[in-house]
Amino acid sequence: MSIYINDKTRVLVQGMTGNQGSFHTGQMLAYGTRIVGGVSPGKGGQSVEGVPVYNTVFEAVEKEPADASILFIPAPFAKDAALEALAAGIKILVLIPEHIPLQDAMDIMAQARQNNAVVVGPNTFGLVSSGASKIGIMPNQYFIPGPVGVVSRSGTLCYEIVGHLTENGVGTTTVVGLGGDRVVGLHFIDVLEEFEKDSDTRAVVLVGEIGGSAEEEAAAFIKSSMSKPVIAYLAGKSAPPGKRMGHAGAIIERGRGTFESKVEALTEAGVKVADLPTKVPALVKEVTDGK
Amino acid sequence: MKLYEYLGKDLFDRYDIPVPEGRVVENPEQAAEAASELGEVVVKSQVLTGKRGKAGGISFASSPEEARLAAEKIFNMELGGFTADKVLVEKKVQIEQELYLALTVDGTAQRPVVLVSLDGGMDVEDVPEDRMIRWPVDVTVGLQPFMVREICRKLGVEGNLQKEFIKLLPRLYKLFREMDAELAEINPLALTSQGLIAADAKVTIDDDALYRHPQLPRIKEKTALELKAEELDLAYVELEGDIAVMANGAGITMATLDMVQHYGGAPANFLDFGGGADVEKPSQALELLLGTNPRVLLINIFGGITRCDVVAEAFARVRESKGIDLPVSFRLVGTNESEGRTILEKAGIKSFTSMDEAVSHAVKLLDAS
């Protein structure tokens, strides 16, 4: 089992003929993702890695019904492409681009709510149900099947942590990248709720960072509604207040979003917080071994 | 991008949000001239730092001579590391009550949110939660009069003031949406005998949407290095320590800094050079770091989109052209790892596979240097 996507999920790639689009189409196919079509306006009739390319999302889903779409579209055009996918009935939308304007992101989320669609990102590496389907840009080799669900705000740091798990022989059910922007489609609690319901997920690793209140909200949810153990790692302990640390959302403002407040909230909810990425596997094994 | 108060007020004026009559001046003489036209005035430093008032960046003047002296003092004053190029001289407003009004983004609700309080003028974080009304707005519906009436009911506001709010709030919402603002804040919003007037303006425009607003001036209150990093599209923040850090990805860069601290060192900077397969970006990032004269260089690469060989190549190239004679700790794993390691070995650089080892090695190098 897995959450959001599985080996039957039929996937479109918007922006398939571009550099990133074609490279990651190849990588996703190699992982086993069922990519049924690509969309690049004006490039209809071409193919990438043997997958047919269409001019519009509507045309693509007429030919090949699809559940999900992943966008490799420059930020200024991402809103149009995202709204097109939602209008054509796509229910899982993965927004890879960084620098999508905030107002555009809010427009996309409003439409997705009306259509009951799930948006992952923007500014995300995507999501992967290990061994079944990858809709994203993460390196294939680290994502092997196992009992741990992972949800993260950042990309490379998530690879680092999943890499440590893999090294220690601990695989993953689904790994979800929420994205580093201020407005993103999924929050920790949405994904935690799914992991709680997923019978194969026995423990959850939460990778957070300073800024905002998502980790505090997650802590409240864990305390009230989760029976499965949660391990966390948080980045930004040494970050000075008022400075944006790379991600739009990673900033301590007006005394909110500090490392200490997040650790305190999570610890109080019974979450074990690792002080180094390398210490995550041992904490995970403590709660999964012998179960 | 934060806008100076006078630019925020220009926007307010364009959206029919009342602001006090004022002049932007560039020297004390012009301030005196403005005061002779306006009468009793307030003289305000145009810098981006908050707490401007407490720091002495705002003074009142009841004659042109007083305005000249006040402006002179303000032009010579350093606030938050910056001195003002411009001063705003405004007609003094007779305030009956100070209110608070803002539009910002609620990340959890994924919506714009209206914030209103009858307790304005003070720091917003000092306003008790229950005295602040928050109303998230569905962008497909927009800010409607009924929402303002409901906000007013919660505030206990009726009559003329309610009418004023019903006029004002949709204008601020329109500005917020059309101008791609992240924050449009009026604090204080002054209640006067002529109605509501925006006595201050704090507007932040979304950097990612600046391309849609070519008419807005570009404001750069940053250090020279941060400006250069911005030109190169690198996420860079100066810190106090002496170990220069470069990594790919915001989260892992933060985690690297944390680990430097964990092992007893102090990072000199945050530098996330992002992803990509281009050799230019890491080269420029390296050159920028070397320009800061750090004592140790720590590079942490976990290659996904980023290719290890490209970063190693960039390092070898910069080392050859600029000469890197400071101690270096290099961590390299992921896409094209072995190719990258070969390049480094040829250059005589030992690299690590684990982040822990590379970071603790960097701290040891610092202690030895």
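The paragraphs below lead through a predicted model, beginning with chain B as a whole and ending with chain A. Because the model is predicted, local features are described only where pLDDT is at least 70, and side-chain atom pairs count only at pLDDT 80 or more, whereas totals for chains, interfaces and linings use all residues. Residues are numbered from 1 along each chain as its sequence is written, chains are lettered from A and ligands numbered from 1 in the order in which they are written, and side-chain values use heavy atoms, with hydrogens and water left out.

Chain B contains 11 helices and 18 strands, where helices (H or I, at least four residues) and strands (E, at least two) are DSSP runs numbered from the N terminus. Its C-alpha atoms fill a box of roughly 75 × 50 × 35 Å, taken along the principal axes. Of the 369 residues in chain B, 56% are buried; buried means under 20% relative accessible area, exposed means over 50%, and partly exposed lies in between, with a 1.4 Å probe and protein chains only. Among the contacts in chain B with a separation of 6 or more, 67% are between residues 24 or more positions apart, a contact being heavy atoms within 4.5 Å.

Gly22(B) counts as partly exposed, because its relative accessibility is 31%. Apart from neighbours within four places in sequence, Gly22(B) is in contact with Leu38(B), Val89(B) and Glu90(B). The C-alpha atom of Gly22(B) is separated by 9.7 Å from that of Val43(B), a residue 21 places away along the chain.

Two helices of chain B, H2 (residues 28–38) and H3 (residues 64–75), pack at an angle of about 145° with their axes 7 Å apart; axes are lines fitted to C-alpha atoms, for helices over the stretch in contact, and angles run from 0 to 180 degrees between N-to-C directions. From H2(B), the contact is made by Pro28(B), Glu29(B), Ala31(B), Ala32(B), Ala35(B) and Ser36(B), and from H3(B) by Pro64(B), Ala67(B), Arg68(B), Ala71(B), Glu72(B) and Phe75(B). By class, this contact of H2(B) with H3(B) has eight nonpolar, one polar and three charged residues, where Ala, Val, Leu, Ile, Met, Phe, Trp, Tyr, Cys and Pro count as nonpolar, Asp, Glu, Lys and Arg as charged, and the others, Gly among them, as polar.

Further along chain B, helix H4 (residues 145–155) has Met147(B), Val148(B), Ile151(B), Cys152(B) and Leu155(B) as buried residues. Seen down the axis of H4(B), its buried residues fall within an arc of 140°, so they line one face of the helix; the arc is that of the directions from the helix axis to the C-beta atoms. What covers these buried residues includes strand S8 (111–117), strand S9 (132–136) and helix H5 (159–178) of chain B. H4(B) is followed by Gly156(B), whose phi is positive, near 75°.

Some backbone details of chain B come next. Most residues other than glycine have a negative phi, and most peptide bonds are trans. Asp180(B), although it is not a glycine, has a positive phi of about 55°. This residue lies in the loop between H5 and S10 of chain B, and Asp180(B) counts as buried because its relative accessibility is 3%. The peptide bond from Asn187(B) to Pro188(B) is cis, with omega near 10°, and Pro188(B) lies in strand S10, residues 181–192 of chain B.

Chain A is divided into domain 1 (10–120) and domain 2 (138–288), with bounds that come from an automatic or database domain assignment. The centres of the two domains, taken over C-alpha atoms, are separated by 27 Å, and 11 residues of domain 1 of chain A are in contact with 10 residues of domain 2.

Within chain A, Ser69(A) lies in strand S5, residues 68–71, and is buried, with a relative accessible area of 0%. Leaving aside neighbours within four places in sequence, Ser69(A) is in contact with Leu12(A), Gln14(A), Ile90(A), Ile92(A), Leu93(A) and Val94(A). Asn116(A), found in the loop between helix H4 (102–114) and S7 of chain A, has a positive phi of about 55° although it is not a glycine, and is exposed, with a relative accessible area of 68%. Finally, a cis peptide bond with omega of about 10° joins Gly121(A) and Pro122(A), and Pro122(A) lies in the loop between strand S7 (118–120) and strand S8 (126–129) of chain A.
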